[in-house]
4 protein chains.
Amino acid sequence: MRKIRMGMVGGGQGAFIGAVHRMAAALDGQIELVCGAFSSNPERSKASGKELYLPEERCYATYQDMILGEKELPEDVRMDFVSIVTPNHVHYGPAKMAIENGFHVISDKPLCFNLEEAYDLKKVVDESGLIFALTHNYTGYPMVKQAKAMIANGDIGTIRKVVVEYPQGWLSTFLEGTDQKQASWRTDPARSGIAGAIGDIGTHAENLAEYITGLKIEKMCADISTLVEGRLLDDDGNVLLHFDNGARGILSCSQISAGEENDLNIRIYGTKAGLEWRQMKPNTLWVKWLDKPTEMLRTGVGELYPSAQAHTRIPAGHPEGYLEAFANIYRNFARCIQARLEGRSPEPYDTDFPTIDDGVRGMEFIYKVIESGKSKEKWLEM
Amino acid sequence: MRKIRMGMVGGGQGAFIGAVHRMAAALDGQIELVCGAFSSNPERSKASGKELYLPEERCYATYQDMILGEKELPEDVRMDFVSIVTPNHVHYGPAKMAIENGFHVISDKPLCFNLEEAYDLKKVVDESGLIFALTHNYTGYPMVKQAKAMIANGDIGTIRKVVVEYPQGWLSTFLEGTDQKQASWRTDPARSGIAGAIGDIGTHAENLAEYITGLKIEKMCADISTLVEGRLLDDDGNVLLHFDNGARGILSCSQISAGEENDLNIRIYGTKAGLEWRQMKPNTLWVKWLDKPTEMLRTGVGELYPSAQAHTRIPAGHPEGYLEAFANIYRNFARCIQARLEGRSPEPYDTDFPTIDDGVRGMEFIYKVIESGKSKEKWLEM
Amino acid sequence: MRKIRMGMVGGGQGAFIGAVHRMAAALDGQIELVCGAFSSNPERSKASGKELYLPEERCYATYQDMILGEKELPEDVRMDFVSIVTPNHVHYGPAKMAIENGFHVISDKPLCFNLEEAYDLKKVVDESGLIFALTHNYTGYPMVKQAKAMIANGDIGTIRKVVVEYPQGWLSTFLEGTDQKQASWRTDPARSGIAGAIGDIGTHAENLAEYITGLKIEKMCADISTLVEGRLLDDDGNVLLHFDNGARGILSCSQISAGEENDLNIRIYGTKAGLEWRQMKPNTLWVKWLDKPTEMLRTGVGELYPSAQAHTRIPAGHPEGYLEAFANIYRNFARCIQARLEGRSPEPYDTDFPTIDDGVRGMEFIYKVIESGKSKEKWLEM
Amino acid sequence: MRKIRMGMVGGGQGAFIGAVHRMAAALDGQIELVCGAFSSNPERSKASGKELYLPEERCYATYQDMILGEKELPEDVRMDFVSIVTPNHVHYGPAKMAIENGFHVISDKPLCFNLEEAYDLKKVVDESGLIFALTHNYTGYPMVKQAKAMIANGDIGTIRKVVVEYPQGWLSTFLEGTDQKQASWRTDPARSGIAGAIGDIGTHAENLAEYITGLKIEKMCADISTLVEGRLLDDDGNVLLHFDNGARGILSCSQISAGEENDLNIRIYGTKAGLEWRQMKPNTLWVKWLDKPTEMLRTGVGELYPSAQAHTRIPAGHPEGYLEAFANIYRNFARCIQARLEGRSPEPYDTDFPTIDDGVRGMEFIYKVIESGKSKEKWLEM
């Protein structure tokens with residue numbers, strides 16, 4: 001048994017999500033960062049790699065160099081997988097090239113820049129047989145697993161209504177007019193794609209809702225707005241939903257909800273009970289029974305489903321957070337690579353991470369929501 | 001100075017909202033219940049009146065008897081106003097007759113059974129010059145007043161988004177199939193009108209949103225559903241909104257949100273801050289500033305606006321609830337009658353209660369939402 | 001059946017607790033204020049009475065006048081009971097005189113000014129056979145009743161630990177140096193007695209703990225402090241407790257806990273579960289099971305004990321607050337008078353209010369805590 | 001620049017706190033686990049090391065072997081520091097030997113088995129000039145840093161009262177009667193020392209209170225109990241405190257508070273404001289102003305003190321938890337070693353971790369509390 005070796009694309013000095021990916025990968029001690037193309041600027045890539053204790057020769061100037069360079073290295077040295085943490089318009093290129101050169105891939109969301117890339121990438125991934133993970137990290141929380149298991153087991157009955165919200169306030173001003181790096185690419189159609197808030201956080205909401213409920217969005221009616229003057233992409237979206245079992249729903253995401261931090265939350269109402277989960281208090285899952293006291297389920301307390309337990313590291317009352325949930329994606333992904341290295345099937349809960357199919361679904365969702373927002377027709381089918 | 005005298009229509013033994021109205025009217029000691037037509041069953045009306053310490057001769061068999069009978073009594077004995085606490089289909093009759101016979105009226109919501117009644121009643125009320133109050137009781141809470149004053153004062157800047165929700169779970173089963181009185185008339189088109197949840201609680205949400213923000217709903221796109229099999233009226237509604245200043249919004253109301261009690265809540269996002277208020281924790285108003293710590297405003301703490309202070313009875317930390325907010329409507333209404341008796345104008349905050357215009361607005365809202373729910377057109381104008 | 005007639009001692013213009021008593025008495029419509037000696041200033045008493053719609057002749061200059069005057073009135077006119085809402089040093093006089101003249105009494109807490117008065121008053125009350133209620137109003141909350149019933153029923157097993165806290169912050173400054181009326185008498189040994197915070201709120205904590213648990217405090221070790229310079233009575237007290245079943249406890253009360261409103265709360269730990277109740281969120285009772293999800297019990301939801309249901313007025317999600325709990329004391333007290341008028345025994349839950357014995361217990365508690373605070377001995381027996 | 005190399009004592013398969021230390025050390029990617037003596041059973045030590053991807057030759061049979069073995073290795077290979085994650089009775093031995101052989105040490109708390117060991121170890125550490133850190137991990141949270149900075153800066157005025165609580169419920173039953181590993185050594189005087197709950201969690205509470213306030217406990221009066229039959233050490237302790245500035249306090253810790261998870265919390269009241277922090281919601285710090293709205297400070301929101309910012313990894317609303325706080329201790333410790341390797345002084349916030357002095361203080365606290373619990377004298381000086 002050896003550590004799984006990671007090469008990273010993007011995530012140089014000053015980036016936010018790159019550091020998150022590295023901490024998530026490091027947490028469980030099974031993944032080793034061995035190389036990177038951390039920046040489109042070769043000097044910055046080297047400097048970033050040095051700070052990460054990498055030897056100079058494995059700090060590449062471009063992702064192309066990295067993929068080709070690593071391929072040349074002996075098998076017991078070269079990276080096992082590529083982690084892609086660049087803005088949306090630089091997902092497809094490194095992902096496709098990595099796969100085509102035999103490396104597994106884990107990529108930040110959304111899957112890519114446009115729908116064509118998404119379909120093409122799916123084809124490439126499917127044909128390769130390699131492992132592809134997408135970091136819809138919010139599904140990594142133990143209580144999200146618990147909610148999914150409860151619903152799958154029928155605990156709350158037939159689902160009638162789903163309300164999923166993702167309000168943030170950080171783009172309440174024209175932040176892209178400053179040199180704030182995060183705001184700048186996320187509101188730029190050339191780097192983000194056709195959608196702003198919908199792509200950045202709306203897809204998390206869609207992914208969470210479909211993941212937990214096991215239902216599929218069938219129809220939608222969207223109201224998509226840009227509320228900050230001068231902004232080029234949407235910063236607020238409210239969508240009515242019908243799910244494939246007939247359940248009704250609302251999906252709302254916003255980056256102009258002043259004073260909100262990162263309040264992804266979901267409420268699901270079945271015929272027997274309602275569930276509520278909030279990302280900012282992630283270790284709690286509320287179960288609201290008909291005519292019985294509401295229960296507060298907590299990570300580590302009592303008899304949770306095995307899938308929730310499998311994604312919990314520490315005892316009750318020791319809060320696990322965003323990085324631990326993110327690390328669950330990496331951990332499962334790495335375990336699947338490990339299994340492949342050992343020529344065996346992965347353990348049951350280890351395959352529980354978002355895949356290329358979730359990525360394509362997310363891209364289709366983005367396109368359909370934006371279309372619906374512009375349409376005079378009330379309901380569009382997904 | 002004397003107490004203001006109330007006659008009640010409806011609210012006999014076993015009724016829920018009648019008792020609420022009586023407690024709300026009694027709380028401040030300025031209103032006296034002097035007569036009633038508590039039930040369409042004369043025996044039950046008398047028995048109810050007796051329990052309320054009324055003399056037999058002022059327990060009337062019908063509201064018509066009451067109005068005519070009281071009119072005959074000497075001025076220093078007869079009732080000053082009529083309180084109407086019947087199901088929706090019995091609002092219009094007693095309200096109109098009371099007004100036409102010179103009595104002020106306070107009525108439960110929604111205003112009446114259909115839109116025609118609403119317009120006619122408005123005409124009658126307007127011509128009479130009498131005082132008409134509608135118990136959209138949730139606007140009676142001090143922190144709702146505070147929110148309204150903050151917005152009017154520009155504290156949160158220009159409003160961009162409003163999310164108002166009213167989830168309940170009590171109609172998650174086919175409760176009208178039992179002999180549950182509340183469920184039975186609320187789900188019956190012959191007594192409730194064209195709408196179920198939308199009329200019963202959706203109008204509270206609409207009223208709250210427009211009251212606090214000072215904005216008007218301009219366009220809407222509604223998804224209206226009946227999710228419990230066999231039910232004759234809607235039990236879930238989700239509505240996209242555009243307000244007259246361009247703000248976006250969502251209004252959601254539901255009586256099949258399993259495990260929810262009575263969770264009316266509103267979030268309003270301006271250019272400077274967001275506000276959040278939840279009816280089940282009514283003494284708290286959250287102010288979520290951009291880039292400053294969120295503040296928890298509380299009844300009785302610090303420098304609140306005068307309108308909030310004027311509707312608070314007891315010091316901070318002594319929770320005031322539903323009945324106190326409800327009583328604020330009665331108190332203001334009675335003070336306006338008092339002012340009229342004394343031939344003077346009411347004090348500024350005493351006129352702060354919902355009127356016939358709010359009632360008509362609510363009825364128009366109901367009709368438009370139901371129309372939108374059935375329409376294939378995306379946006380309907382209100 | 002007729003309304004029960006109340007005369008009030010104290011509670012004139014500007015008083016806080018007098019208005020609370022009147023609202024509590026009025027809420028359920030069964031009690032009528034018929035007379036009062038509202039102030040030691042006869043003019044202010046009359047002015048106060050007029051505002052309360054009383055005829056001039058029943059606004060008395062002194063409580064002595066009121067008691068003697070009312071006694072002369074015909075039985076179907078005169079008051080049934082006296083409500084005493086004066087500062088502590090004027091509890092004993094009117095209470096004793098009222099009882100000796102055949103009137104039932106309901107009095108604010110603590111029972112009286114000193115222990116001698118307390119013992120004497122108990123003798124008088126016991127000999128009279130009249131009804132005496134003390135407004136330890138916090139025991140009037142439905143979820144306090146629920147907690148008491150759960151414990152009595154063994155639901156949480158044997159109690160091992162009790163933590164009761166009553167932090168307030170309103171006396172963090174030398175407020176008695178201004179003309180703030182509430183601060184002035186509460187910090188004045190001549191009007192408050194030997195204790196400040198301990199008497200004003202510590203007794204509420206003691207009463208709540210013993211009421212809910214059914215246990216008695218057996219031993220205590222107190223740390224009593226005056227933390228604001230110049231203050232004459234204690235403003236902070238922390239007390240270690242042993243209960244008569246061997247359970248450990250902490251009682252803490254404070255009026256210098258800056259920024260705290262009125263946060264009376266109690267946590268009780270048994271061998272099977274823990275309970276938590278907080279006055280500022282009074283409709284919730286947390287039940288923390290060993291190895292099972294914590295339950296959130298709520299007024300009006302599911303199967304509560306009959307004593308909790310008997311003290312709830314409105315459905316789940318319609319918050320009841322301080323005045324409703326206070327009104328529960330008045331309601332039960334009035335119902336017991338009613339039963340006496342009708343020559344029958346009161347209904348079971350109607351006798352559930354604090355009595356002269358709770359009052360004596362509270363005075364003994366005050367004296368023992370103050371003694372312990374001064375003692376070098378660790379444990380004093382109660 | 002290179003990674004800092006860690007050797008671990010304890011933390012073999014099945015241990016809880018060892019895994020926590022490894023994740024905390026791994027999170028930031030600057031520390032590398034290079035060797036270990038993971039178990040007193042050599043086979044288990046090897047097996048544990050293998051799972052951690054260590055070469056067999058660096059999985060030692062005993063800590064003595066490890067320290068001596070590593071010392072023999074070339075400087076660019078051997079460990080830099082020893083992490084001690086064994087039960088209390090095996091802290092002193094490896095710590096002392098490591099220091100004496102030139103290795104820095106980070107150790108789990110409490111410092112050691114008894115007071116003599118503590119004093120001796122302090123002498124050894126002080127003379128060595130090596131770096132010694134103690135994992136009182138709760139002080140690693142950003143909002144704990146914020147609270148400390150606010151107080152140091154005078155933001156809440158002079159402190160008058162401190163309430164620190166650490167309730168857990170996991171020892172509510174005689175768990176040590178089963179083969180539960182954690183319960184077994186923690187309740188065993190031969191492995192835990194003279195104290196149970198007081199040593200295990202009471203010291204965390206003491207450390208947190210003194211760390212945040214900058215005050216020292218001067219006097220105490222303790223009530224120490226064993227409430228579960230058959231248990232050999234205390235499982236509940238309640239302590240009255242006087243601090244060196246005259247502030248009053250309560251420290252309460254318990255492992256029989258049924259249903260509590262790990263609810264360490266602290267409230268501090270100054271002349272200007274109160275602070276409240278709760279470990280289970282660690283990203284929130286409440287500031288309760290006198291006569292101003294309470295503020296909810298949050299990690300990553302607005303203008304926090306630099307020390308809070310320096311210990312935050314991710315943006316607001318992405319919850320950081322127990323492991324991140326724990327990692328802050330490791331990160332600072334490792335950065336101090338790094339600085340030493342580079343022959344420079346550490347950066348200002350990097351020295352912010354508990355040291356040998358905190359460890360000695362904690363041991364003195366344990367001994368004084370246990371003494372006070374047995375004493376008939378009310379106040380003991382610390």
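1. The model is predicted, so local features need pLDDT of at least 70 and side-chain atom pairs count only at pLDDT 80 or more, while totals for chains, interfaces and linings use all residues. Residues are numbered from 1 along each chain as its sequence is written, and chains are lettered from A, with ligands numbered from 1, in the order in which they are written.

2. Chain B holds an open sheet of 5 strands in the order β2-β1-β3-β4-β5, with parallel pairing; strands here are DSSP runs of E of at least two residues, helices are runs of H or I of at least four, and both are numbered from the N terminus. Two strands count as paired if DSSP finds at least two bridges between them. At the edges stand β2 (31-37) and β5 (132-134) of chain B, each with a single partner strand, so one side of each lacks a neighbour in the sheet. On average, neighbouring strands of this sheet are turned by 20° against each other, direction ignored.

3. The parallel strands β1(B) and β2(B) are joined by 6 bridges, and B:Arg5 has B:Glu32 in β2(B) as its bridge partner. Across β1 and β2 of chain B lies α3(B), which runs at about 125° to β2(B); such angles run from 0 to 180 degrees between N-to-C directions, the axes being lines fitted to C-alpha atoms, for helices over the stretch in contact.

4. Helix α4 (residues 92-100) of chain B has as its buried residues B:Tyr92, B:Pro94, B:Ala95, B:Ala98 and B:Ile99, where buried means that 20 or more other C-beta atoms, placed from the backbone, lie within 10 Å of the residue's own. Their cover includes β1 (4-9), α3 (63-72), β3 (81-84), β4 (104-107) and α5 (115-128) of chain B. Just after α4(B), B:Gly102 has a positive phi of about 90°.

5. Helices α9 (residues 197-213) and α12 (residues 356-374) of chain B pack at an angle of about 120°, with their axes 10 Å apart. Residues are in contact if their C-beta atoms, placed from the backbone, lie within 7 Å; in this pair, B:Ile198, B:Gly199, B:Gly202, B:Thr203, B:Glu206 and B:Asn207 of α9(B) meet B:Asp358, B:Gly362, B:Phe365, B:Ile366, B:Val369 and B:Ile370 of α12(B). The contact has 5 nonpolar, 5 polar and 2 charged residues, with Ala, Val, Leu, Ile, Met, Phe, Trp, Tyr, Cys and Pro counted as nonpolar, Asp, Glu, Lys and Arg as charged, and the others, Gly among them, as polar.

6. Between chains D and C, 34 residues of chain D are in contact with 34 residues of chain C. On the side of chain D that touches chain C, β9(D) gives the most, with 4 residues, and the residues of that side divide into 11 nonpolar, 12 polar and 11 charged. A rotation of 180° with 0.0 Å of shift along its axis superposes chain D on chain C (RMSD 0.0 Å), by least squares on the C-alpha atoms of residues with pLDDT of at least 70 in both. That is the relation of a two-fold axis. Of the residues of chain D, D:Lys378 comes closest to the rotation axis, at 2.1 Å (C-alpha). The copies meet through the same surface, because 100% of the interface residues of chain D are also interface residues in chain C.

Terms used
Contact = placed C-beta atoms within 7 Å. Buried ≥ 20, exposed ≤ 12 C-beta atoms within 10 Å, placed from the backbone.
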